[in-house]
Amino acid sequence: MKRNLLNVLILAFMLPLSTYGCNSSHGEGKNKDSEQSATDSSLTEQPKVYLIKEINPENLVRIYEALGRPVHGKVAVKLSTGEPGGHNFLQPSLIKDLVQKVNGTIVECNTAYGGGRANTESHLQAAKDHGFTAIAPVDIMDAEGETALPVNGGKHLKEDFVGSNYLNYDFTVVLSHFKGHAMGGFGGAIKNISIGIASSAGKAWIHSAGKTKSDPWSSLPEQDDFLESMTEAAKAIVDHCGENILYISVANNLSVDCDCDASPEDPKMGDIGILASLDPVALDKACTDLVRASEDHGKIHLIERIDSRNGMHTLNYAEELGMGSQTYELVEL
């Protein structure tokens with residue numbers, strides 16, 4: 001009687017294992033179905049882009065927290081300190097709370113076109129004059145040279161040359177001012193991590209589509225080749241950082257010109273808001289979509305700038321390179 005009871009208990013215990021365990025063809029099929037379903041779900045899940053329409057310091061912190069990816073270690077906050085003479089760059093009073101919350105260092109690299117930020121001394125002076133050194137340390141990352149990051153799958157670039165100090169950071173907060181751009185059509189997250197993190201010579205390398213690191217302006221490549229090179233350099237940063245990066249864009253002061261312009265055209269349309277995502281492609285696409293969907297008639301100027309430079313090709317190519325998705329879920333906070 002005891003032996004029969006023991007056999008029943010053993011059988012009862014083993015039955016679920018034999019039905020659902022790894023050695024059962026029936027159970028294996030169910031597990032494969034579940035795994036395939038999970039894989040399909042992860043492939044079809046759209047990246048989220050968060051939006052807050054009111055632009056203020058509190059909401060900049062709030063949208064960072066909504067991303068659910070806390071910073072760690074030594075944090076680089078990549079933004080444009082603005083060319084002397086310009087005035088549309090993100091103001092220190094707006095970004096101070098966020099930069100200090102993440103204990104960030106504002107990082108930049110010198111320009112390749114001359115101007116007021118072409119060397120470290122003048123660049124630091126511009127950062128001081130614009131109020132950035134008063135809120136956080138400022139690191140001109142190519143002050144002591146550059147380093148190369150590999151570009152995987154690129155057509156034009158095999159390496160992206162960035163400021164050597166960039167390797168000192170554990171996490172990157174990409175804090176972009178979304179606006180137009182004379183060459184790229186628009187400037188957002190992808191441009192900020194591409195040309196923005198490139199060393200002075202690296203900027204020339206991108207602008208020349210990998211032909212020169214000294215003077216790219218005398219022989220510029222075809223427009224799409226430039227856009228693709230810019231995107232490839234951004235991919236090097238995305239691959240380098242992995243999950244140690246996040247992206248926030250402020251769509252205000254929507255001039256057709258970049259913050260690298262000393263005399264930018266005045267904005268012709270009103271502000272849109274603060275957007276953020278873990279996907280730089282989705283974020284840039286959302287910014288351009290909101291410009292196009294705006295009821296502000298002044299949008300025609302920015303749209304013309306984007307389309308006349310074939311700016312959307314940047315996002316098409318970024319998606320092709322696997323950097324992100326142009327299909328996204330917009331979540332208004």
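Which residue lies over the face of Tyr169? In this model, Lys74 does, at 4.9 Å from the ring centre. The model is predicted, so local features need pLDDT of at least 70 and side-chain atom pairs pLDDT 80 or more, while totals for chains, interfaces and linings use all residues. Residues are numbered from 1 along each chain as its sequence is written, and side-chain values use heavy atoms, with hydrogens and water left out.

View 1. A charge sits over a ring if NZ of Lys or CZ of Arg is within 6 Å of the ring centre and within 35 degrees of the ring normal.

**View 2. Aromatic pairs, with Phe89 and Phe132 as one example.** The whole structure holds three aromatic pairs. Rings of Phe, Tyr and Trp (its six-membered ring) pair if their centres lie within 6.5 Å; planes under 30 degrees apart count as stacked, over 60 as edge-to-face and the rest as tilted. Phe89 and Phe132 have ring centres 5.8 Å apart and planes at 50°, so this pair is tilted. Phe89 is in the loop between strand S2 (75-78) and helix H4 (92-101), and Phe132 is in the loop between helix H5 (120-129) and strand S4 (138-140), 43 residues apart. Helices (H or I, at least four residues) and strands (E, at least two) are DSSP runs, numbered from the N terminus.

**View 3. The largest nonpolar core has 56 residues.** Such a core is a set of buried Ala, Val, Leu, Ile, Met, Phe, Trp, Tyr and Cys residues joined through side-chain atoms within 4.5 Å. Among the residues with the most contacts inside this core are Phe178, Ile206 and Tyr247. Helix H8 (residues 223-241) gives the largest share, nine residues.

**View 4. Helix H8 is mostly covered.** Of its 19 residues, 14 are buried. Just after H8, Gly242 takes a positive phi of about 60°.

**View 5. Thr111 sits in the loop between strand S3 (104-108) and H5.** Is Thr111 buried or exposed? Thr111 is buried, with a relative accessible area of 5%. Leaving out residues up to four places away in sequence, Thr111 is in contact (heavy atoms within 4.5 Å) with Glu83, Arg117, Ala118, Ser200 and Lys203.

Definitions and conventions
Buried means under 20% relative accessible area, exposed over 50%, partly exposed in between (1.4 Å probe, protein chains only).
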